Amino acid sequence: MSANILIFIEQRSGRIVPASRQIFAVAQELSLKTGGKIHAVIAGEGIGNLTDEITPLQPDSIHVADHPELRFYRAQPYAQALCAAIKTSEAQTILFATTSLSRDLAPRLAARLKAAIATDCLEVSTENGELRIRRPMYCAKCVGTFSLATDRVQILTIRPNAYPTPVPQAGTSATIQSLDVAFSDHDLALKVVDVVSTSEGVRDVTEADIIVSGGRSLQSKENFSMLYEMAETLGAAVGASRAAVDAGFQPPSRQVGLTGKIVSPRLYLAFGIDGAIQHLAGMRGSKVIVAINTKAEAPIFSVATYGCVADLFTLAPLLTEEFRNLNGSN
Amino acid sequence: MKILTLAMQVPDSRAALKISPGGKSLETRDLKLICNPFDEFAVEQAVQLKEQRSDVEEIVVATIGAEKPNQAIRTALAMGADRGIQLCDDIFSGQDEILLAEALAAAIRLQETTFDLILCGKQAIDTDSGEFGPALAEFLDLPHVGAVVKLDISEDGTSLRAHRRIEGAEEIVECPLPALITCEKGLIEPRYPSLPNLMKAKKKPLQILAASDLPEPGCLTPGLQLLELTPPAPRPPCTFIEGPPEKMARELVKRLRDEAKVI
């Protein structure tokens, strides 16, 4: 089996998902060790022009599955397209960024190919020709180190922000190949009727570099506007604890934590969040964590980089003002 | 209509975990095991469909694992599932959900019943991988809808309409039955099984199968090998910012900019 690597480039409405670019860092590391070639695959409808954005990340070739039936993500047709790309690229290792799409698609693909799969990897390495990964488990209370069987295709999904995007190189070129894809009626049984935005114009927590998050101490839905104002200043997303979501202050789509979303932004600001295990599981991978809480003994301070034992209602507007001044001076 | 739901046994998310000497497993003594919370959404959805519709004939709950006493299947039966299938064998102690899904698919094919709807949790909170549902659908050659927050079954019981949660949006999909659904938080609130129902659950039929009962157990080889479990890397100690609020805000922003370099 070849040591070739295939990167799945995820696009949504013609925009490449940023975390997809980051996994080129993983591919480049592996390729240096194994000598395998780096292939990329992109699927969708009318997405041919996106290859220009991928080429500077230096894949050897890009496989394009452009088909009306691939306009919206659906597991079965996308699995078909991926299988075609795996065949043409002779790849043994398939890389995805961990997103809602890859969480849905990668396991289905793994079952189809009887592949070894590890999802949401924090770290990838090779040891004696074996692929090794580290991934969080048990509500992020443990990290498991695993080796993947070498006698089959290996599929990895990589935690967003675990690796930085490699610097794009100008003047590079890649072979562009269009994939012949065909679907059976069975593949197309599921239909996407509509996609309804739930973001209300704010960024989703899983896609943001900065998250401003609030707990039940915010006391009401209205008080969250304070955090939205700060988020706007910072270009951040707004998140919430389970307690704040259960109290109806924020919709479930904003919940950070075990039953919500797992996030790993550059900066996570927690206002009035005590830090239940389930919440910590969802955000302890953040680079820098700021905790603002009146209770000095709150568990959130055990993972925080900076802590302020203070009343959030006093501190939040002052911080927004400071952030605003900073933007003004930049 | 016949419904299959999955219920996996997992450590309680609130439990403190201790890694065994050797670092390959958890200390199981005193470890509280529960039904995976996402699977409780699946069981509740099945039970509510049976309560609301006249055409649901049976709810079967299936589980897979190495441990014989199984809290998950007991909970599901007490919540309202009619009978259980437990696939229990030492080879199912591992973390490879593709292998578990393949084994369970084989066990489902052995049943005389064919299922119109299969419901499972979006992920199990031990592996946190979410591989099981989509993989099971593939092994059973069924379409699947992942991370569902709203589910409607057509009146004639031949198709479904579901909302699934993705980044910043919900996708609305339609699909003919049979199909598999993975249940996301927000779909439904699970009931607490009452004590009498917990007692009654003990009398419900439970079929226990071993790997050797499956047609080709030799094909089940894990793709993943656990080498080591470690506690998460410790985070640096917290720097507390002191002083009156105005000073605190100024100092924090300064540190975020100059020291942490994140803004």
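Let's begin at A:Gly214, which, leaving aside residues up to four places away in sequence, touches A:Phe224, A:Leu227, A:Gly239, A:Ala240, A:Ser241, A:Ala244, A:Phe271 and A:Ile273. Please keep in mind that this is a predicted model. A:Gly214 belongs to strand β14 of chain A, which covers residues 210–214.

Is A:Gly214 buried or exposed? A:Gly214 counts as buried because its relative accessibility is 0%, and the cut-off for buried is under 20%. There is also a pairing to look at with A:Phe249: 35 residues separate A:Gly214 from A:Phe249 in sequence, while their C-alpha atoms are 9.4 Å apart in space.

## Chain A as a whole

Stepping back, chain A holds eight helices and 18 strands. Its C-alpha trace spans about 60 × 45 × 40 Å along the principal axes. How does the radius of gyration of chain A fit that of a compact globule? For 330 residues, such a globule would have a radius of gyration near 20 Å, and the 21 Å of chain A agrees with that.

Of the 330 residues in chain A, 60% are buried. Taking the contacts in chain A between residues at least 6 apart in sequence, 62% join residues at least 24 apart.

## Chain B as a whole

Chain B comes to six helices and 13 strands, and its C-alpha atoms fill a box of roughly 70 × 45 × 40 Å along the principal axes. Chain B is split into domain 1, residues 2–220, and domain 2, residues 233–263. How far apart do the C-alpha centres of these two domains of chain B lie? The distance between them is 45 Å.

Among the 263 residues of chain B, 58% count as buried. For contacts in chain B between residues at least 6 apart in sequence, the share that joins residues at least 24 apart is 70%. The accessible surface of chain B is about 11,400 Å², with 51% belonging to carbon and sulfur atoms. Chain B carries 30 positive and 41 negative charges, whose mean positions are 8 Å apart.

A:Thr305 has a relative accessible area of 13%, so it is buried.

## B:Asp96 in a loop

In chain B, B:Asp96 lies in the loop between β5 (83–88) and α3 (97–110). Its relative accessibility is 7%, so B:Asp96 counts as buried. Not counting residues up to four places away in sequence, B:Asp96 touches B:Pro222, B:Gly223 and B:Leu224. B:Asp96 and B:Glu131 are 35 residues apart in sequence, and the space between their C-alpha atoms is 8.9 Å.

## Backbone details worth a look

Most residues other than glycine have a negative phi, and most peptide bonds are trans. With that in mind, here are some backbone angles to inspect.

A:Gln58 has a positive phi, near 65 degrees, and is not a glycine. Its place is the loop between α2 (51–54) and β5 (61–66) of chain A. The relative accessibility of A:Gln58 is 40%, so this residue counts as partly exposed. A:Ala140, also not a glycine, has a positive phi of about 65 degrees. A:Ala140 is found in the loop between β9 (130–137) and β10 (142–148) of chain A. With a relative accessible area of 13%, A:Ala140 is buried.

Is the peptide bond from B:Leu177 to B:Pro178 cis or trans? This bond is cis, with omega near 5 degrees. B:Pro178 lies in the loop between β9 (169–176) and β10 (179–183) of chain B.

Notes. Residues are numbered from 1 along each chain as its sequence is written. Chains are lettered from A and ligands numbered from 1 in the order in which they are written. This is a predicted model: local features need pLDDT of at least 70, side-chain atom pairs count only at pLDDT 80 or more; totals for chains, interfaces and linings use all residues. Side-chain values use heavy atoms; hydrogens and water are left out. Helices (H or I, at least four residues) and strands (E, at least two) are DSSP runs, numbered from the N terminus. The radius of gyration is taken over C-alpha atoms; the globule rule is 2.2 Å times the number of residues to the power 0.38. Buried means under 20% relative accessible area, exposed over 50%, partly exposed in between (1.4 Å probe, protein chains only). Contact means heavy atoms within 4.5 Å. Domain bounds come from an automatic or database domain assignment. Accessible areas come from the Shrake-Rupley method with a 1.4 Å probe; for residues, only the protein chains shown count as cover. Lys and Arg count as positive and Asp and Glu as negative; His and the chain ends are not counted. The place of a charge is taken as NZ of Lys, CZ of Arg, CG of Asp or CD of Glu.
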